[in-house]
Amino acid sequence: KQAALAVAQDWEHKARNGIPVENPSTTPASVIDGIPTFRGFSDTWMHGLGGDDDYRAKMNGYMRNIGRFLGPKADWPLYHLHRSHFPGLAPFLSEMGYSPTTVTLHLKAFRAMCLVAERKGFILASPILSADYLHNPTPIRPKELTIPQIEHLLDSTAVIDWRTMILLGFYCGMDLVESGNHSWVNMNFPQKTIICAGSLRNGEPATMTLPMHPVLEAHLAAVRSASDSEFVTPKLHGMTDCGLREQFRVLVERSGLKTSFNESRLKKRYLDIQFSSLKLAFALHMDYEGLFRLARFLRGMSAEELQDKIAKLPTLKLRPLPLLNHP
């Protein structure tokens, strides 16, 4: 902060006393007067991000769009950027076709970057506040699957890994990639619990322990006795989100479930039955509306309350699979 303040005071002193001040908009560089520019600092910040290639590509896209909004200001020193420069950012992103949810993801990423710059003393305060985030009153989301539809989807495939994935999606509210990336060490059969990775908190995994529903417990025990792999779903373990989505789409298509296409504001078409349809069904039966902050809702329950709610989830009636019913 002292470095940014000293530079800002020097710039203001020169401007007030008629001393020529270099126009930051005419000097494209990653650093000016010892302070990084938006473009320079955002590049450095993104290089230090964790996550996979898809995540970093998404962050890069967000910063690139914010750079387009800033125009020449993207090459100003960071301390020149203030709240007065950003009222038009959200409308600018909306006009590009992004939904309120995705606009907010842009703002959250930018705010995260600015908070790092603030801690390093390059700016006095973030020009973006959490109050600037948008609320999407009508988010586009897949539809919930009914219990008969889930049973039909399960019975339509003899691929054990996919039956496991679907059961984890419905009985634990897991995301697609998380459902496919479990090892048996995450399954505690004596205590009848599963360790779920959850979303990230401050860069660290936020794990959560969920009780097993009896249907899920029986299925996992049968799979474990028939498997020699360290992974719960070895055929699907380590696959990308894109690859798993495509396989799930084919699974839904072959099941004969009636689906339709929705279209986003970016004109992208997607099926209304997604893997998250299972998570929505889970949330519905847990007496929770939607998916926003579902993990926080679950963490707010006592172990006894969570156990009771999981136990009361519908008991799915499934067609036996030969390998899992072999004595």
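In helix H5, the residues Val103, Thr104, His106, Leu107, Ala109, Phe110, Arg111, Met113, Cys114, Val116, Ala117 and Glu118 are buried, where buried means under 20% relative accessible area with a 1.4 Å probe and protein chains only. Helices here are DSSP runs of H or I with at least four residues, and strands are runs of E with at least two, numbered from the N terminus. The cover over the buried residues of H5 includes helix H2 (38–47), helix H3 (53–70) and helix H4 (89–95). The model is a predicted one, in which local features need pLDDT of at least 70, side-chain atom pairs count only at pLDDT 80 or more, and totals for chains, interfaces and linings use all residues. Residues are numbered from 1 along each chain as its sequence is written, and side-chain values use heavy atoms, with hydrogens and water left out.

Helix H5 comprises 20 residues (100–119), which at 1.5 Å a residue should span 28 Å, and its end C-alpha atoms are 28 Å apart, in agreement with that value; the expected span is 1.5 Å times one less than the number of residues. Just after H5, glycine 121 takes a positive phi of about 85°.

The axes of H2 and H3, as lines fitted to C-alpha atoms over the stretch in contact, come within 11 Å and cross at roughly 175°. The two helices H2 and H3 are therefore roughly antiparallel to each other, a term for angles over 145 degrees. Their contact (heavy atoms within 4.5 Å) is made by Phe38, Ser42, Trp45 and Met46 of H2 and by Arg56, Met59, Asn60, Met63, Ile66, Gly67 and Leu70 of H3.

Methods. Buried means under 20% relative accessible area, exposed over 50%, partly exposed in between (1.4 Å probe, protein chains only). Axes are lines fitted to C-alpha atoms, for helices over the stretch in contact, and angles run from 0 to 180 degrees between N-to-C directions. Angles under 35 degrees count as roughly parallel, over 145 as roughly antiparallel, 65 to 115 as roughly perpendicular and the rest as oblique.
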